[in-house]
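Here are my notes on the model, point by point. Please read them with the structure open.

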Amino acid sequence: MALTKEQLEEQKKDAVELLFSGPQTLGFAKAMFFGHFRHELLFPYPRLSPEEGYHVEKAITDLREFAATKMDPVAIDREAEIPLDVVVGLGNLGILGMTAPASFGGRDFSQLAYTKVMEAIGGICSSTAVFVNAHHSIGIRALLLFGTPEQQKRWLGPLCHGSQIAAFALTEPEAGSDAANVQTTAVPSPDGAGYILNGEKRWITNGGIAQVLTVIARTPGSGGNRKKEITAFLVTPDMPGFEVVEKRMAKTGIRGTATGRLKFTNMFVPKENLLGKVGKGLKIALTVLDFGRTTFGASCTGAAKVCVEAACKHALSRVQFQQPIAEFELVQKKIAFMAAHAFAMEAVTSNCASLIDRNFDDYMLETAMLKVWSTEALWKIVNDTIQILGGKAYFLDQPYERMMRDARINMIGEGANDVLRGFIAVVGLKPLGDYFLKLQDAAWHPWRGLPSLCGFAWNQVKRRLTVPEVPVASAVLKPWATSLGKRVRQFALAVQRQIFRLREAIITRELIHERIADAACELYASSCVLARLDALLQSSDANTPEGKKDFLTGEYYLRFSDNRIGSILADMDGKLDSATLAAAENTLSIYRNGSQTS
Ligand SMILES: Cc1cc2nc3c(=O)[nH]c(=O)nc-3n(C[C@H](O)[C@H](O)[C@H](O)COP(=O)(O)OP(=O)(O)OC[C@H]3O[C@@H](n4cnc5c(N)ncnc54)[C@H](O)[C@@H]3O)c2cc1C
């Protein structure tokens, strides 16, 4: 049943409170909605310092040596378990506390350095990548960002070392994509010493094996309207009332991870275990997910590179119709897509990591875009690899069916992609909508608002005439920079047109959100690729055989993406939208009210 106007208003108010409270800056993505190109956030392309580069190289070499003898992705998948000696080994290699300060036993790696290691893990074993992600990127991260010094001192040491495992428990039967709908309650205990938790969590990675869990629960409201709030707690499994209902749920992919169901019955959690402030649980969840999504991008890059290599080797060696299948255009088309997207994925991941490292406070759209765009590109890459390998890929002595099963979760976990598309579009539109509201107000009060109105009129003229500057150092990239600038301008004008056309109703028009989000993802990815190519051409690698190949790969991505952006913008109104919705309703109506049984 559709929501009432009041319910929609309430949802909108909560979302604005969550996403737009505190100081607001325009990050790269939000600025694109205004037709700006904030090049200083992307250029120069982020690189590791020589010293950190050395440590990363060493960490990856050690990881690969360890993996060659100890990590068997086939066995991990078959046994549906990551063996203890792998967990201990990863801990000894410092991978389980990589970005934590050395004073807590971490390795002090930057986010950029960490993504390089996560890329390597993603190319070896997706189960292990997700395990590390849940433990480190979201588990430990919550403690690092929001824990008190006492909490950090108590828990970070064993977590960084890997003698304890972390988990992040948000999802519940009634709270999936709608994370704000958590039903687990946390009520202050009568003596004021803590909270009593009751509820269930499901599908929690590491949930049944973790020693420290961040648990998101609903606390009674404290404000004037006493609206219920959402709060984060640090929970340990030795707390009476903590129950592991199911430790390892059987599942499609990333089978080595322990995905658990948990139940809390009158579980007392001392108030010292509050994580962050009361009422800030969702903000904590969203912030932590920014980190998780960045490492998602890294592990997708690792898996994509493995596919590129496998597909090329097979295409060159498999002969059909008296030719290697690499000679056929439809095989070449797939390989071009794979290589270009693997190259671009690395560029976008590095940019997101660098935004985090440089302490910018607005990168939630960028990390969401990385997640949506890279996980879908990987899905296609794995599918194309399977197609190129043909029947061979279908057999279990090959890794591709496992890679396919493993890749599927990426589009569901840490925010389902379609939900994130809405998030990207609406959060991107909001500052622009606010700007227009201010103008509307100015139009009602023409004298007071005259400066705003004149500014708007001037901006309109300027935007139609000028293309935002996309500065590149390499002359050969200038035409690409100009066409990217033109696309950003077209995007802003198209988005603005939708706001004028639909006004408030745009908030619920998901088909338009999808096109806005997809165009924004492509623009962002192209921008990151351009920055990467510019850095490449300015470096000593430019004239090496690898450098030249990388250049062509990246340039193809720019070409491909420009084409895609053009198609999306050309149909921003959505010629098929009404017919699509009517067709869906036609089919849904057959099953409404249980009128049809199969
Ligand atoms: C293997 C695995 C590991 C996980 N690990 C964790 C973990 O460690 N911690 C944790 O808290 N959670 C975890 N999860 C839960 C995961 O984050 C959720 O599955 C995810 O948030 C989506 O929720 P849902 O599956 O309930 O889908 P639902 O919310 O039921 O959505 C189903 C589908 O409906 C569509 N949809 C829903 N809402 C909208 C909308 N507004 N607009 C358009 N389409 C929409 C989307 O297509 C979506 O895919 C894990 C899940 C799995 C499968």
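1. Arg248 is found in the loop between β6 (242-246) and β7 (259-270). Strands here are DSSP runs of E with at least two residues, and helices are runs of H or I with at least four, both numbered from the N terminus. Arg248 counts as partly exposed because 17 other C-beta atoms lie within 10 Å. The cut-offs: buried means 20 or more other C-beta atoms within 10 Å of the residue's own, exposed means 12 or fewer, and partly exposed is in between, with C-beta atoms placed from the backbone.

2. A word on the source. This is a predicted model, where local features need pLDDT of at least 70, side-chain atom pairs count only at pLDDT 80 or more, and totals for chains, interfaces and linings use all residues. Residues are numbered from 1 along each chain as its sequence is written.

3. What does Arg248 touch? Leaving aside residues up to four places away in sequence, Arg248 touches Ala80, Gly208, Ala258, Thr259 and Gly260. Contact means C-beta atoms, placed from the backbone, within 7 Å. Arg248 and Asn206 are 42 residues apart in sequence, yet their C-alpha atoms are 8.8 Å apart in space.

4. Now the whole protein. It has 18 helices and 10 strands. Of its 598 residues, 44% are buried. Among contacts with a separation of 6 or more, 75% join residues 24 or more positions apart.

5. The largest nonpolar core has 167 residues. Such a core is a set of buried Ala, Val, Leu, Ile, Met, Phe, Trp, Tyr and Cys residues joined through C-beta atoms within 7 Å. Phe233, Met369 and Ala520 have the most contacts inside it. Phe233 touches, among others, Ala186, Tyr195, Leu197 and Val269, not counting residues up to four places away in sequence.

6. Helix α11 (residues 364-389) packs on helix α16 (residues 510-537) at about 100 degrees, with axes 10 Å apart. Axes are lines fitted to C-alpha atoms, for helices over the stretch in contact, and angles run from 0 to 180 degrees between N-to-C directions. That angle makes α11 roughly perpendicular to α16. The classes are: under 35 degrees roughly parallel, over 145 roughly antiparallel, 65 to 115 roughly perpendicular, the rest oblique. Glu366, Met369, Val372 and Trp373 in α11 meet Ala517, Ala520, Cys521, Tyr524 and Ala525 in α16. Eight of the contact residues are nonpolar, none is polar and one is charged. Ala, Val, Leu, Ile, Met, Phe, Trp, Tyr, Cys and Pro count as nonpolar, Asp, Glu, Lys and Arg as charged, and the others, Gly among them, as polar.

7. Helix α10 (residues 329-357) also packs on α16, at about 90 degrees and with axes 8 Å apart. So α10 is roughly perpendicular to α16. Ala344, Ala347, Val348 and Asn351 in α10 meet Tyr524, Ala525, Cys528, Val529 and Arg532 in α16. This contact has seven nonpolar, one polar and one charged residues.

8. Buried or exposed: which is Ala311? Ala311 is buried, because 26 C-beta neighbours lie inside 10 Å. Ala311 sits in helix α9 (residues 281-317). Ala311 and Ile388 are 77 residues apart in sequence and 6.3 Å apart in space, C-alpha to C-alpha.

Notes: Two residues are in contact if their C-beta atoms, placed from the backbone, lie within 7 Å.
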